[in-house]
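Here is a quick briefing to read alongside the model. It goes topic by topic, with cut-offs given as the terms come up.

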Amino acid sequence: MRVGHGWDIHRLAAGRRFILGGVQIAWDKGPLGHSDGDALFHALCDAILGASGLGDIGLHFPDSDPKWKDSDSGRFVAKAVEMAGNRGLKPANADVTVILEKPKLGPYREAIAANMASLLGLSTEKVNVKAKTAEGLGPEGAGEAVSCHAVVMMEEVA
Ligand code: C5P
Ligand code: MG
């Protein structure tokens with residue numbers, strides 16, 4: 001078993017589409033970013049790469065590369081899973097924590113978990129999505145940013 005951790009933060013700006021875990025969130029702001037700015041998928045991607053000893057997201061998908069402009073960040077997760085597979089590793093479970101003051105993620109949780117499960121090749125009971133406010137503190141608390149932590153366990157392919 002190998003464990004990996006990932007973290008990401010994106011500034012929220014007016015008029016941007018808010019995509020999180022591949023799901024569109026109804027909100028008047030969204031993440032700035034070269035790709036779709038999906039902080040959850042970026043953190044998840046880094047957790048997979050971390051567990052697999054494969055560096056980090058910027059190494060494989062540099063934001064200087066026009067190829068990744070406005071990219072669906074699910075592609076980064078899928079590619080990380082594929083690269084881990086080439087090393088004989090596959091996801092065993094994943095847990096993420098989103099720090100977002102508003103809106104509440106309750107209505108989106110199942111859809112996000114379903115996207116994660118599908119990308120990781122796991123059943124939905126092996127993925128978990130948590131959300132926290134920042135109690136008004138810091139950039140997330142001011143509604144200026146969304147951040148996400150991810151932990152992934154990888155196991156050797158039988
Ligand atoms: O941050 P706080 O402890 O107040 O969050 C309480 C609960 O509200 C969380 O455990 C989570 O279930 C939910 N929550 C949410 N979406 C957010 C923040 C919190 O669904 N953006
Ligand atoms: Mg990011």
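**Metal site, strands and charges**

Which residues supply the protein donors of the magnesium ion (ligand 2)? They are Asp-8 through OD, His-10 through NE2 and His-42 through ND1, lying 1.9 Å from the ion. This is a predicted model, where local features need pLDDT of at least 70, side-chain atom pairs count only at pLDDT 80 or more, and totals for chains, interfaces and linings use all residues. Residues are numbered from 1 along each chain as its sequence is written, chains are lettered from A and ligands numbered from 1 in the order in which they are written, and side-chain values use heavy atoms, with hydrogens and water left out.

**The magnesium site**

- Donors here are N, O and S atoms within 2.8 Å of the metal (3.2 Å for Na, K and Ca); water is not among the atoms, so sites may look incomplete.
- Along the sequence, the donor residues of the magnesium ion (ligand 2) follow the spacing D-x1-H-x31-H.
- Asp-8 is buried, at a relative accessible area of 15%, and His-10 is buried too, at 12%.
- For these labels, buried means under 20% relative accessible area, exposed over 50%, and partly exposed in between (1.4 Å probe, protein chains only).

**Strand β1 and its partners**

- Strand β1 (residues 2–14) pairs with strand β7 (residues 145–156) in the antiparallel sense, over 10 bridges.
- In that pairing, Arg-2 sits opposite Met-154 in β7.
- β1 also runs antiparallel to strand β4 (residues 29–31), with 3 bridges joining them, and there Leu-12 stands opposite Pro-31.
- Two strands count as paired if DSSP finds at least two bridges between them.
- Helices (H or I, at least four residues) and strands (E, at least two) are DSSP runs, numbered from the N terminus.

- Glu-140 belongs to helix α5 (residues 138–141).
- The Glu-140 side chain does make a polar contact with the side chain of Ser-147, at 2.6 Å.
- A polar contact is a pair of N or O atoms within 3.5 Å; within protein, one must be able to donate a hydrogen and the other to accept it, and residues adjacent in sequence count only if both atoms are side-chain atoms.
- Setting aside neighbours within four places in sequence, Glu-140 is in contact (heavy atoms within 4.5 Å) with Ile-9, Ile-99, Glu-101, Ala-134, Ala-145 and Ser-147.

**Salt bridges**

- The whole structure has 3 salt bridges, each being a side-chain nitrogen of Lys or Arg within 4 Å of a carboxyl oxygen of Asp or Glu.
- Lys-79 bridges to Glu-82, with the closest N and O atoms 3.5 Å apart; both lie in helix α3 (residues 74–86), 3 residues apart, or about one turn of the helix.
- Lys-79 is partly exposed at 36%, as is Glu-82 at 44%.
- Glu-155 bridges to Lys-90, the closest N and O atoms being 2.8 Å apart. This pair links distant parts of the chain, with Glu-155 in strand β7 and Lys-90 in strand β5 (residues 89–99), 65 residues apart.
- Lys-130 bridges to Asp-95, again with closest N and O atoms 2.8 Å apart. Here too distant parts of the chain are linked: Lys-130 is in strand β6 (residues 127–132) and Asp-95 in strand β5, 35 residues apart.
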